[in-house]
Every structure is written in C-alpha cells, then in structure tokens.
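Reader: I would like to learn how to read helix packing and salt bridges in a model. Could you take me through it with an example?

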Amino acid sequence: KRMKKAAPYLILASGVLWGTTGLFVRQFNDKGISSLDIVAIRAMVTVLCMFVFLLCTHRELLKVRLKDLWCFAGNGILSMLFFNLCYFKAMTLTSLSVAAVLLYTAPAIVMLLSRVFFKEKLTKVKLLSVVFTFVGCILVTGVIGSGAVLSGAGTLVGLGSGLGYALYSIFCRFALERGYHSFTIIFYTFVFTMFGTIPLVDLSGISNVVFSGWQMIGFTLLCGLVTTVLPYICYNFGLKHVENGKAAVIASVEPAVATLLGVLVFQETLTVTGAIGLLMVIGAIVVCQRKG
C-alpha cells in the first residue's frame, strides 16, 4: 500500500531529475561534447553503476531469459536511441522550441499505445490532462510568437522523437509483466543503448574530456546518477503501480523544471505565457491524479 501511494511521487521525482539534464548538458557542450556523445556517456555510466551495484548486492537480477531480450532491445534501441536521434535531428530541421513541443506528443502516444497493448481506459480525466500537458509545453517552450516554421520533414522526425520517448513506457511495461525487476530493466536497457551509440560517437574525444581530471570524472558520474540512474529507478518503480498514460503525464513536469532552472541558474527570462504554461503542466499532473 505504501509503495502504491508513493508511486506517483516517484514518477514526479523522475521528471524533476530529468529536468536537471540541461545543467549538465551545457557544461559538456562547453567542453566540446555533442548531444549524442552525452547519450553515450549517460548510458555507459548507467551500465557501470548498475553492474557494480547488482554484482555486489543482487547478482540474481543480472539473469534474463533469451526470449525476453526483445523487451530490453526495444527499450534501448527503439526507444532511447531512436528518440534521441530523432530529437537531435528535429532540432536541425526546425527550431529547438518546435522540436521540444513535438517531443511532448509522447503522453498522448503512450495513452493510445497503452489502450491497444494493455487495454488501459481512455478516460475524460486522462484526455483532459494530456491536453493541459501539451498546451502547457507549447507555452513553456515559447513556440507561439517565435516565428518558427514547421517543415514536413521536421514535423515527421519530431513526432518520431515523441514516439520513441513513448515507447519506453510500453517496453518497460512488457518487461515488468514478465516479472523483471526494475534494476534488471534499467541495466539491460542501457546495455543496448550503449552498444547502439558507440558506433555513432567519437570515443577518443569523449575519453579525453571525461578523464581530463578527477573533477571531470566526478562530474560525469554525477551526471549519470542524477539524470539517468536515479530517475529511471524512480520511474520504473512508480510504473509498477501507475498506468502508463498517467505516468507519462506526471513525468511531463520535466520541461517545467528545466525552464525554472534556466531562470534560476542561467538568468533566462520567464515570460507570462511561459508562467501560464508551467501552471498548466502542474495542473495536468493534479488533474491526472483525480479519481472523479
């Protein structure tokens, strides 16, 4: 019962932690590390941390059935890697704000896929919360009035990022229903992500930056723990007791947190529409938790 009550808060915590990613990304970018390099770094840190942890505490959780590997491959390749590739490509084909908005079609996609695969109900409360989330994200990103132009290719690739983002909840649910522990799911998901990104990045360039000193090594480990290991642990544990659609809406607090950190840390300006968007995202989370 306690875990069930805590589940929405765990998912909320995961969204808050994901919202801090920009703090680390800016530091890495200043060192010449690209966005895809950061995906590889986060995957490698996650695999290392989870492997050491499981080897020392729960070795039995490293065991998986070969027939179930598709769940982890789907999570690592079709979700994590595909979503990141599409998201970064969308940024080049359209504006950053449009790419971010198209990414946050994910909660709606999660609800539709969960209806097909897991027979989750599409209630008025869920639909209302998805609308609140999407409109809130539009306002937060400042896409309205930015003069951003939508291209066919940019829209398609942007929607691809939303689909990839949504697929994590789907494949994770499949793995949970097959009896796998959250730790096992996280470890093998990022094993596939790691091997998927390695051919696409400059490993020597990454190692030169990461191992340039103890401070940078510590920063890299902190990035992996705060933006990947801890949030995915929270999300996976929460997903055991929360429907996919609701979980996707609650985790959408991420752009709101990222925006607030931008204002507090980097002195970015929060517009009136951005503030309204923040309130709408928070409102969606509240609405999503209501039973009536």
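Predicted model: local features only at pLDDT ≥ 70, side-chain atom pairs only at ≥ 80, totals over all residues.

Reader: Let's begin with charges. How many salt bridges does a search of the whole structure find?

Author: A salt bridge is counted when a side-chain nitrogen of Lys or Arg comes within 4 Å of a carboxyl oxygen of Asp or Glu. Here the search finds four of them. One of these joins the side chains of D68 and R178, with an N to O distance of 3.6 Å.

Reader: Why does the pair of D68 and R178 tie together parts that are apart in sequence?

Author: Look at where each partner sits. D68 belongs to the loop between α3 (35-57) and α4 (69-93), while R178 belongs to the loop between α8 and α9, so the pair links parts that are 110 residues apart in sequence. D68 and R178 also take part in a network of salt bridges with R65.

Reader: Is D68 buried or exposed? And what about R178?

Author: For this we need a cut-off: under 20% relative accessible area is buried, over 50% is exposed, and partly exposed lies in between. D68 has a relative accessible area of 4%, so D68 is buried. R178 has 33%, which means that R178 is partly exposed.

Reader: Which side chains meet K126 in a salt bridge?

Author: There are E120 and E243 to look at. The side chains of E120 and K126 meet at 3.9 Å, N to O, and those of E243 and K126 meet at 2.5 Å, N to O. K126 lies in helix α7 (residues 124-141) and E243 in the loop between α11 (214-239) and α12 (244-250), so this pair ties together parts that are 117 residues apart in sequence.

Reader: How does burial look around K126?

Author: K126 has a relative accessibility of 3%, so K126 counts as buried. E120 is buried as well, whereas E243, with a relative accessible area of 32%, is partly exposed.

Reader: On to helices. At what angle do α8 and α9 pack?

Author: The general idea is to take the angle and the axis distance together, then see who makes the contact. Helix α8 (residues 152-177) packs against helix α9 (residues 182-197) at about 130 degrees, and their axes are 10 Å apart. Because angles over 145 degrees count as roughly antiparallel and 65 to 115 as roughly perpendicular, α8 is oblique to α9. The crossing is right-handed.

Reader: Which residues make that contact?

Author: From α8 come Y168, C172, A175 and L176, and from α9 come S182, I185, I186 and T189. Six of the residues in this contact are nonpolar, two are polar and none is charged.

Reader: How do α1 and α13 cross?

Author: The axes of helix α1 (residues 2-18) and helix α13 (residues 253-266) come within 7 Å and cross at roughly 40 degrees. That makes α1 oblique to α13, and the crossing is right-handed. On the α1 side, L12, G15, V16 and W18 meet V253, E254 and V257 of α13. Sorted by type, this contact has five nonpolar residues, one polar and one charged.

Reader: To finish, what does T197 touch?

Author: T197 lies in helix α9 and has a relative accessibility of 0%, so T197 counts as buried. Leaving aside residues up to four places away in sequence, T197 touches V39, A40 and L81.

Technical notes:
Residues numbered from 1 in each chain as written. Heavy atoms only, no water. Axes fitted to C-alpha atoms, helices over the stretch in contact; angles between N-to-C directions. Helix = DSSP H or I, 4+ residues; strand = E, 2+ residues; numbered from the N terminus. Parallel < 35°, antiparallel > 145°, perpendicular 65-115°, else oblique. Left-handed = near helix turned anticlockwise from the far one by under 90°. Contact = heavy atoms within 4.5 Å. Nonpolar A, V, L, I, M, F, W, Y, C, P; charged D, E, K, R; others polar. Buried < 20%, exposed > 50% of the residue type's maximum accessible area, 1.4 Å probe, protein only.
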